[in-house]
Amino acid sequence: MARSLAAAATLLLLAACRAPAPPPARQTQSPKAAVTIPQEVPDLTPPADISHGEAPIGGGKAEPAPRLARLEPAERGRVHHIRLEMKHATVTIAPGVTYAAWTFGGTVPGPILHVRQGDTVDFTLVNAANIPHSMDFHAAEIAPSKYYVNVLPGDSLHYRFVARVPGAFMYHCGTAPVAMHIANGMYGALIVDPSTPRPKAAEYVFVQSEFYLTPKPAADGTVSLDWQKLLGQAPDHIVFNGMAGQYATHPIEVRPNELLRLYLVNAGPNRISSFHVVGGIFERVYQDGSQANPLIGVQTVNVPVGGGSIFEVRLREPGDYPFVTHAFADATKGAVGVLRALGPDAHAGATEH
Ligand SMILES: [Cu+2]
């Protein structure tokens, strides 16, 4: 019995030795190679030592951020002559990262435009770039086939529209493929105040957007769009007003208990913004800018891609209050800032504890 078992084992061993060789792909993978596959291990050192400190937070006397978020008042006239030049430019999108962008006016986002309900926008678009571009104003009600047309290099386009509906509107290049033109930086915000003015507040505009980077910089050090990453919706940076974490390193100084009005326009091109102020509860949220039925007493509200909502909040005591998209992969990638409540209380009766 023992002998027959030994003989069977020998036969099995011989059979194994004669077995066909494994496929070449497997043969070339040594055990050492298998264990040296790089792992994406996050750095567990927090950039800042407070809740939601997803980026380093600036201390001491605050310097202005590279891009001011404060909303300038609308000009008094009822007709706004706006001329935007489309040009390709190098912009800084994160510390040490320069991007070969397509722009309205040389910046990403383009200029924040501000008018009142019923005002006329008299618009001239000039193409100073070397490929066709166009303009789509979400605040306008006009025929895209007439006005949102491609403008050739060196050419221009002029049209007018009435900003009939109040809100926080996106504008963007609508030339196909639109995702490419938006991801390269061709967007901005147009704020339309209602004809009955909103209550006085400190007002700020944030345009959220994404950048998808080529793995290696060009010879001049700039990175540019990685189209496959865009299609896979895997951005490298998600930013407010064109630069990762700029309002964390340069907090926005406000006063305790003053009414803050935050306009959040989500340019995308892909990611929903789940906007939230840490340590605050929104008094009112005008969803997608609608005046009807504002949300009252809410914590987090989604802003769809291509939409813009208006958030009102008061910070109840001095301190640093991060604002984020609560989709935290996106906050980690740069969509975080800080509102710093400092100085005298905006009104008596502030909570003390
Ligand atoms: Cu374009």
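Ile-238 is buried, at 0% relative accessibility; buried means under 20% relative accessible area, exposed over 50%, and partly exposed in between (1.4 Å probe, protein chains only). Ile-238 sits in strand 10, residues 237-240. Helices (H or I, at least four residues) and strands (E, at least two) are DSSP runs, numbered from the N terminus.

Ile-238 touches Gln-208, Ser-209, Glu-210, Arg-271, Asp-330, Lys-333, Gly-334 and Ala-335, leaving out residues up to four places away in sequence. Contact here means heavy atoms within 4.5 Å. Val-336 is 98 residues from Ile-238 in sequence, yet the C-alpha to C-alpha distance is 8.9 Å.

## Model and overall make-up

This is a predicted model: local features need pLDDT of at least 70, side-chain atom pairs count only at pLDDT 80 or more, and totals for chains, interfaces and linings use all residues. Residues are numbered from 1 along each chain as its sequence is written, and side-chain values use heavy atoms, with hydrogens and water left out.

The protein chain has eight helices and 19 strands. Of its 353 residues, 45% count as buried. Among contacts with a separation of 6 or more, 74% join residues 24 or more positions apart. The chain exposes about 17,800 Å², and carbon and sulfur atoms supply 57% of that area. Accessible areas come from the Shrake-Rupley method with a 1.4 Å probe; for residues, only the protein chains shown count as cover.

## Nonpolar cores

The largest nonpolar core has 30 residues. Such a core is a set of buried Ala, Val, Leu, Ile, Met, Phe, Trp, Tyr and Cys residues joined through side-chain atoms within 4.5 Å. Tyr-99, Tyr-187 and Phe-211 have the most contacts inside this core. At least two residues each come from several elements, including strand 1 (79-94), strand 2 (97-104), helix 5 (178-183) and strand 12. Apart from it lies another core, of 27 residues, among them Phe-206, Val-254, Phe-275 and Phe-311.

## Buried charges

Arg-261 lies in strand 12, residues 260-268. It is buried, with a relative accessible area of 1%. Its side chain makes a polar contact of 2.7 Å with that of Glu-203 and one of 2.8 Å with that of Glu-312. A polar contact is a pair of N or O atoms within 3.5 Å; within protein, one must be able to donate a hydrogen and the other to accept it, and residues adjacent in sequence count only if both atoms are side-chain atoms.

Asp-226 is in the loop between strand 9 (202-211) and helix 6 (227-231). Asp-226 is buried but has no salt bridge; Lys-229, the nearest side chain of opposite charge, is 4.9 Å away. A salt bridge is a side-chain nitrogen of Lys or Arg within 4 Å of a carboxyl oxygen of Asp or Glu. Lys and Arg count as positive, Asp and Glu as negative; His and the chain ends are not counted.

## Backbone exceptions

Most residues other than glycine have a negative phi, and most peptide bonds are trans. The bond from Ala-176 to Pro-177 is cis, with omega near -10°. The bond from Gly-268 to Pro-269 is also cis, with omega near 20°.

Asn-257 has a positive phi of about 70°. Asn-257 is buried, with a relative accessible area of 2%. Asn-293 has a positive phi near 50°. Asn-293 is exposed, at 72%.
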